Amino acid sequence: MTRLSTLTRLSTLALTALSLIGLGLLALPARADLHWTVSDADTTINLYGTVHVLKPGTDWTDGDAADLVRASDALYMELAPQANTRQVMEPLFIEYGFYPEDDSLKAHIPDALYQSLMNSLDSFEAPERVKQQFNRMKPWLAAFSITNMRFTQMGYRPANGVEATLTRLAQQNGTPVHGLEKAEDQVKMLAALGGDDGAAFLREALKDAERAGTLMEKLTNAWLTGNATEMNRLLNEELKDHPNLAKALLYDRNHAWVDKVEDLLAKPGYFTVAVGSAHLVGDESLVQLLRDAGFKVTRVNPQQGPATP
């Protein structure tokens, strides 16, 4: 096995579990799901906002997520379960996420940013070999790795996240699970974030890692209470300073998913599309793009917080 695989495994949570959208949940009462529906005469599609990492033992399924899976003819997520595995991701990360032996991360980002990364690794008491491995990573993979390390340190695990839970429920129920995207397409999209955009991605990840505890608490409360406006502020507002990053990570994908939803509406049935909450809130969200395309998209059970965006 490649000597880079140890660090690569640190990054094998779903590629969509960015520092901006990896949320930790607590067991709080009065949950309100981030849940919308779009339908026509013979099709209903549920748009369900997810969070990607949770602490073990978190009880969040008091909402309608489990019932949705049981009732659905099929469940669609950003990646199909068979694509979101170490066996699939690790070779892609190695192929697209590391510089060749004669190149390094230090040569591609500002000195101050590189030093911030090293300081962050020092806070984990990372050994020198880990720092050397980070220096082989491209900025986007370094961003994922530092984020994953922070979540792991705080006790959050993808295996306890919403997607993993929905997948288990679907498998128990015999509900087919499909992906909206291919793993290689996601990795290529991230690998294209070079130059200033790649540095911005890493900078944001380091900033979020420093304030992870506070950010997690705010995101938790907003998700649990279904406050879409607060979720938008926390998840998307800071990306406005980095339009190319926002375009690659969110907006281009949201536009592509409009076509996926339209295709799904051509099939009679009852379906659930579960994607990261950042994709369902804000001016250029999947919800808003569907409305702009002429579809009626209705918010379901907003117990607290505004029913839009």
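I'll start with a contact between a charge and a ring: the charged end of Arg299 sits over the ring of Trp36, 5.0 Å from the ring centre. A charge sits over a ring here if NZ of Lys or CZ of Arg is within 6 Å of the ring centre and within 35 degrees of the ring normal.

Before I go on, this is a predicted model, where local features need pLDDT of at least 70, side-chain atom pairs count only at pLDDT 80 or more, and totals for chains, interfaces and linings use all residues. Residues are numbered from 1 along each chain as its sequence is written, and side-chain values use heavy atoms, with hydrogens and water left out.

Now the strands. S1, residues 35-39, pairs antiparallel with S2, residues 43-50, over five bridges. Strands (E, at least two residues) and helices (H or I, at least four) are DSSP runs, numbered from the N terminus, and two strands pair if DSSP finds at least two bridges between them. The link from S1 to S2 is a hairpin of three residues. In this pairing, His35 stands opposite Tyr48 of S2. S1 also runs antiparallel to S6, residues 297-299, and three bridges join these two strands. There, Thr37 stands opposite Thr298 of S6.

Next, the aromatic rings. Rings of Phe, Tyr and Trp (its six-membered ring) pair if their centres lie within 6.5 Å; planes under 30 degrees apart count as stacked, over 60 as edge-to-face, and the rest as tilted. The count under this rule is four aromatic pairs. For Phe93 and Trp140, the ring centres are 5.6 Å apart and the planes stand at 80 degrees, so this pair is edge-to-face. Because Phe93 lies in helix H3 (residues 86-97) and Trp140 in helix H6 (residues 139-154), the pair ties together parts that are 47 residues apart in sequence.

Buried means under 20% relative accessible area, exposed over 50%, and partly exposed in between, with a 1.4 Å probe and protein chains only.

Trp140 also pairs with Phe144: the ring centres are 6.1 Å apart and the planes at 80 degrees, so that pair is edge-to-face. Trp140 and Phe144 are four residues apart in H6, so about one helical turn separates them. Phe144 is buried, with a relative accessible area of 2%.

To finish, Phe93, Trp140, Phe144 and Phe201 form one aromatic cluster.
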